[in-house]
Amino acid sequence: ILILDNNGLILDSNHQMAEAISSQLAQLVGQNIFDLMHPDDLKQVPSQIPNMIAGKIITVERRIRTVSGSYLLFEISGSRLEDKSILLVCRDITKRKEAEKALEQANRKLDRQANMDGLTRIPNRRKFDSTIKQEWKRLKREKEQLALVLCDIDYFKQFNDLYGHQEGDTCLKRVGAMLE
């Protein structure tokens, strides 16, 4: 918890907030909150103090600098107090955001694995089925035509039997690269 004046000066803080950014309470009080925030965050979403002074309750995400110079991501909810100071409730969401990002990356990787052929690295039948449905609907709506090219590798079984599976895999990879 932080209490600010109308200019962003920290008037008071609880010990948990000071500990979160590895600071002593006495060092935190008297600083301007904007000096602790990452400048890029303020460019994206400028100060919300005027909105809070006007009586609005706000919620923003801001990176706040720790004593070591690194930044933690906080979800900050703020509102005006009766004496016209500002109350900020800050919740460290750094680990949650990191976990969300890792999950998002894992989901993208899983989607690639589920929709790409492992050998040729071109879209597989599952991807074809979903894409053709989507494109069919789009082209029907836009009253456009659809062209589809099908191909087959003639005598591939004989090639594979004659040169072996390693060469067969190499051949499929080359064909996949050309089709891509």
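Q: Into which kinds do the residues of the lining of the largest cavity divide?
A: There are ten nonpolar, two polar and one charged. Here Ala, Val, Leu, Ile, Met, Phe, Trp, Tyr, Cys and Pro count as nonpolar, Asp, Glu, Lys and Arg as charged, and the others, Gly among them, as polar. Keep in mind that this is a predicted model, where local features need pLDDT of at least 70 and side-chain atom pairs count only at pLDDT 80 or more, while totals for chains, interfaces and linings use all residues. Residues are numbered from 1 along each chain as its sequence is written, and side-chain values use heavy atoms, with hydrogens and water left out.

Q: Why is this space called a cavity?
A: On a 1 Å grid over the protein atoms alone, a cavity is a set of points where a 1.4 Å probe fits but cannot get out.

Q: Which residues that line the largest cavity are the closest to its centre?
A: Of the 13 lining residues, these are Phe34, Met37, Gln48, Met52 and Leu88. A residue counts as lining if it has an atom within 4 Å of a point.

Q: Which element gives the most to this lining?
A: That is S3, with three residues. Helix H3 (33-36), helix H5 (49-53) and S3 each supply at least two. Helices (H or I, at least four residues) and strands (E, at least two) are DSSP runs, numbered from the N terminus.

Q: How do you know that S3 and S4 pair?
A: Strands pair if DSSP finds at least two bridges between them. Strand S3 (residues 58-65) and strand S4 (residues 71-80) run antiparallel and are joined by eight bridges, so they meet that definition. Arg62 stands opposite Phe74 in S4.

Q: Why is H8 called oblique to H9?
A: The axes of helix H8 (residues 156-163) and helix H9 (residues 165-179) cross at roughly 135 degrees and come within 6 Å. That makes H8 oblique to H9, because angles under 35 degrees count as roughly parallel, over 145 as roughly antiparallel, 65 to 115 as roughly perpendicular and the rest as oblique. Axes are lines fitted to C-alpha atoms, for helices over the stretch in contact, and angles run from 0 to 180 degrees between N-to-C directions.

Key. 1 Å grid on protein atoms, 1.4 Å probe; cavity = no way out; pocket = protein on both sides within 12 Å on 5 of 7 lines; lining within 4 Å.
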